[in-house]
Amino acid sequence: MVKKWMMTALSAVLALTVAGCSTDSGTTTGSGAAAGGGKQSNGKTKVVYWTPDRHDADFMKSKIEQFNQTNKDNIEVEMTVMGDNYPQAVDIAFASKQAPDVFQIDDFQTYYQKGYLAPIDGYMSDAMKETFKDSLIENKNTIDGKVYTLPNTGQIWRLVYNKDIFQKAGIASPPKTIAEMVADAKKITEVGKSEGIYGFASPFKSGSGFWRAANTIAGASTNEGIDGFNYKTGQFDFNMYKSIAEALRQMNQDGSMLPGVESLDIDPLRAQFAQGKIGMYINHSGEPGVYKDQFPTKENWGAAPVPTEDGTIKGASQVIGGSYIGINADSKNKEAAWKFMEYVYSTDLQGEYYEKGYGISLIPAVLSSDKKPSIPGIEGFLPKKVDAIFPANPSVITESSLEGMKWAEAFSAYVFTGGDLDGVIKDLNTRYNAALEKSKAAGLTKIAADPSFDSSELQGKLSKEE
């Protein structure tokens, strides 16, 4: 009965994947998506690859077509582009023994703890080990000396804004403080509401609406932590989000947010921005590719540093990166899976990926090459001195033991319904730190307090440019 439920659930999850690719080209989406590869009737070894990324789907589709047509190992890769329910789909697929051979790692520590990942050290050539030796991060790529995934690109987070809308509202430059962001959103809405233009939006359909808008601001506004975790104390302290939650609440009360934002997903938001209906939002360096291929736009837009509490950066602007794709520990096609993985990580493919603006590379061999991105809008996302990759923290591991609502969802609820914000924060601190202790007791994390931690010292490792 349990197995039947899992198969039904997996089919339902796959049915929600993004439409638009063809199985004839080695890519698929929708209810026809298969899990788990193997030998096919044509004698080829099928490798199934899952990814939640949509912004680069066309590019990766073309590269997989090329791999399928040119590899000499008789391998055929089938790519499935998943929806926002990707983590659930991965868990169900592994539970029902229907997991893909290669899959994107959105939560390295959890996937490692669950036994989803196969080590790849034995497959890597000496040259490949040399290429990545300075890029590997403990608890993001490696654990106990074994490598499970390699970095490819990092998400550089910025305030994305419509320059013409700002000019129309009489705003000379993007906001540097949270208070300025609130004021600018109000001005834009006052000027543009009659044309359906609003000052601010975020995809509040899920907790990511608060997370996207707030997490980078928090990391830059304080030098103590990110994801609600204080590296100095080794405890969760969600006070880092208080001023941001108040600002988003104020924008909602002012009517400065796009109507219906509480049920908005990221792609519908992008579609509205591409039509010139949103003044600003916060997202990452995948946006230039989105507005080139997925939602082509003629709007005059740009990217600027996210605002901070007082207009200065006390910590660092978070770069999300480190983990990318890995091989299913239970795959019967590990050799073939590695051939595909090696192809994806090749400097030629990664260099073209970077050059076309789908992501900012974290691979030194790519960054030092002559290939530079020239896609419109990418200039605002290129790494600066203040951009940095934070150490791993136990946020996701802790949530596996958490009782009650997650922090991004709790703050989102406050943004739209109000209430006692101090009480919300106190409740989150209590529940998260209790769950953290459970995770430590279960041996799920060894991350401890680092009293000397100062995130401003992370600056300058990706770029020296001011």
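Here are a few friendly notes on a helix pair, a pocket and a sheet in this predicted model.

1. Let's start with the helices. Helix α16 (residues 407–417) and helix α17 (residues 421–441) have axes that come within 11 Å and cross at roughly 170°. Angles over 145 degrees count as roughly antiparallel, and that makes α16 roughly antiparallel to α17.

2. Which residues in α16 and α17 meet? On the α16 side they are W407, A410, F411 and Y414, and their counterparts in α17 are L421, V424, I425, L428 and Y432. The contact of α16 with α17 is made up of 9 nonpolar residues, with no polar and no charged ones.

3. Next, please have a look at the second largest pocket, which holds about 440 Å³ of space. It is lined by 17 residues, and D134, I137, I389, K461 and L462 are the closest to its centre. Two or more lining residues come from each of α14 (364–367) and β20 (387–388). By class, the lining of this pocket divides into 12 nonpolar, 2 polar and 3 charged residues.

4. Strand β20 turns up again in an open sheet of 4 strands, where the order is β19-β9-β17-β20 and the pairing is mixed. β19 (360–361) and β20 stand at the edges with a single partner strand each, so one side of each has no neighbour in the sheet.

5. Finally, within that sheet, how do strands β9 and β17 run, and how many bridges join them? β9 (residues 153–156) and β17 (residues 317–321) run antiparallel and are joined by 3 bridges. If you want a place to look, I156 stands opposite V319 in β17.

How values were computed:
Residues are numbered from 1 along each chain as its sequence is written. This is a predicted model: local features need pLDDT of at least 70, side-chain atom pairs count only at pLDDT 80 or more; totals for chains, interfaces and linings use all residues. Side-chain values use heavy atoms; hydrogens and water are left out. Axes are lines fitted to C-alpha atoms, for helices over the stretch in contact, and angles run from 0 to 180 degrees between N-to-C directions. Angles under 35 degrees count as roughly parallel, over 145 as roughly antiparallel, 65 to 115 as roughly perpendicular and the rest as oblique. Contact means heavy atoms within 4.5 Å. Ala, Val, Leu, Ile, Met, Phe, Trp, Tyr, Cys and Pro count as nonpolar, Asp, Glu, Lys and Arg as charged, and the others, Gly among them, as polar. On a 1 Å grid over the protein atoms alone, a cavity is a set of points where a 1.4 Å probe fits but cannot get out, and a pocket is an open set with protein on both sides within 12 Å along at least five of seven lines; lining residues have an atom within 4 Å of a point. Grid points are joined across faces, edges and corners, and a volume is the space filled by probe spheres set on the points. Two strands pair if DSSP finds at least two bridges between them.
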